[in-house]
Amino acid sequence: MKSVRTPFLILLLLASISCQPKNKSDNQEVAQTNESENHSIAKLSSEELQKYKTAYFASGCFWCVEAIFESVKGVKEVYSGYSGGFEKNPTYEEVSYGRTHHAEAVEVYYDPETISFTQLVQVFFGSHDPTSLNRQGPDRGAQYRSIAFYKNDKEKKIIQDYIAKLEAENVYGDRSIVTEVTPFEKFYKAEEYHQDYERRNPNNSYIRNVSIPRLNRFKENFKSYLKEDVH
């Protein structure tokens with residue numbers, strides 16, 4: 001019984017932890033937790049960011065996704081936010097409860113001389129399960145769906161060709177890739193307390209049990225892509 005019970009308890013624990021707030025007061029509590037941390041994180045100015053290209057992806061809770069892309073060399077800045085819907089100015093509560101058509105997404109600023117869009121697509125597919133429909137880990141709902149956004153035909157072809165490659169190599173066996181390949185339209189930056197959330201809140205239960213293990217799996221598989229000073 002012991003060997004059966006342990007995995008069950010782990011699954012039960014993960015099921016009780018999610019990126020979605022449990023009640024309306026959770027947003028305020030998250031913000032307060034964030035403000036209590038005294039981590040100084042240098043951010044590039046909007047003028048500095050203009051020198052770089054942008055890419056947009058959605059693959060589950062943006063706390064996890066932001067941390068993954070932040071660890072990649074050539075990536076200069078990452079913002080958490082919302083994209084893929086048509087409602088204007090969505091809030092965390094609206095998106096996380098599935099009240100809009102948006103997904104939690106990230107905006108990635110990168111230096112194309114160091115890392116290419118193709119490599120970012122590889123990071124995207126290599127850091128989540130693209131066969132999981134409207135779900136990623138313990139987070140369920142269309143707001144956590146897998147989306148690769150493109151801004152032009154070249155980017156669209158890169159994404160589609162990489163999906164075709166994964167399917168031809170039978171990477172996921174009989175499971176189909178359900179990632180949406182979607183033209184980019186608008187990115188809404190999330191509330192300030194969500195930015196750099198994993199680094200600012202290392203003791204948060206979701207971060208400890210979901211984000212950090214996911215980040216560590218990515219780092220193990222993409223060692224050559226990592227920044228030298230990645231935490």
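**Terms and the values behind them**

Analyst: Strand 6 is largely enclosed by the rest of the structure, because five of its five residues are buried, where buried means under 20% relative accessible area, exposed over 50% and partly exposed in between (1.4 Å probe, protein chains only). This is a predicted model, in which local features need pLDDT of at least 70 and side-chain atom pairs count only at pLDDT 80 or more, while totals for chains, interfaces and linings use all residues. Residues are numbered from 1 along each chain as its sequence is written, and side-chain values use heavy atoms, with hydrogens and water left out.

User: Which residues of strand 6 point one way and which the other way?

Analyst: Ser 146, Ala 148 and Tyr 150 point one way, Ile 147 and Phe 149 the other way, and all are buried. In a regular strand the side chains alternate between the two faces of the sheet.

User: What makes strand 6 and strand 7 a pair?

Analyst: Helices (H or I, at least four residues) and strands (E, at least two) are DSSP runs, numbered from the N terminus. Two strands pair if DSSP finds at least two bridges between them. Strand 6 (residues 146-150) and strand 7 (residues 180-183) have four bridges, in the parallel sense, and therefore meet the criterion. Within strand 7, Glu 180 is the bridge partner of Ile 147, and Pro 183 stands opposite Tyr 150.

User: Why is the crossover from strand 6 to strand 7 called right-handed?

Analyst: The term applies if, with the strands pointing away from the viewer, the path from the first strand over the helix to the second runs clockwise. The chain crosses from strand 6 through helix 7 (residues 153-168) to strand 7, and this β-α-β crossover is right-handed.

User: What makes strand 7 and strand 8 edge strands?

Analyst: The open sheet has six strands in the order 7-6-1-3-2-8, with mixed pairing. Strand 7 and strand 8 (188-189) each have a single partner strand, so one side of each is left without a neighbour in the sheet. Among the antiparallel pairs, strand 1 and strand 6 are joined by three bridges, with Ile 147 in strand 6 as the partner of Ala 58. Strand 2 (residues 75-83) and strand 3 (residues 103-110) are antiparallel as well, with eight bridges.

User: How do you know that the length of helix 7 agrees with its number of residues?

Analyst: The expected span is 1.5 Å times one less than the number of residues. For the 16 residues of helix 7 this gives 22 Å, and the end C-alpha atoms are 22 Å apart, which agrees.

User: Which residues of helix 7 are buried, and what covers them?

Analyst: Glu 155, Ile 158, Ile 159, Tyr 162, Ile 163 and Leu 166 are buried. They cover an arc of only 125° around the axis, which puts them on the same side of helix 7; the arc is that of the directions from the helix axis to the C-beta atoms. Their cover includes strand 1, helix 6, strand 6 and strand 7. On the other side of helix 7, Asp 153, Lys 154 and Ala 168 are exposed.

User: Why is Thr 118 called partly exposed?

Analyst: Thr 118, in helix 6, has a relative accessible area of 32%, which lies between the 20% and 50% limits and therefore counts as partly exposed.

User: What sets the phi of Asn 170 apart?

Analyst: Most residues other than glycine have a negative phi. Asn 170 has a positive phi of about 55° although it is not a glycine, and it lies in the loop between helix 7 and strand 7.

Note on methods: Contact means heavy atoms within 4.5 Å.
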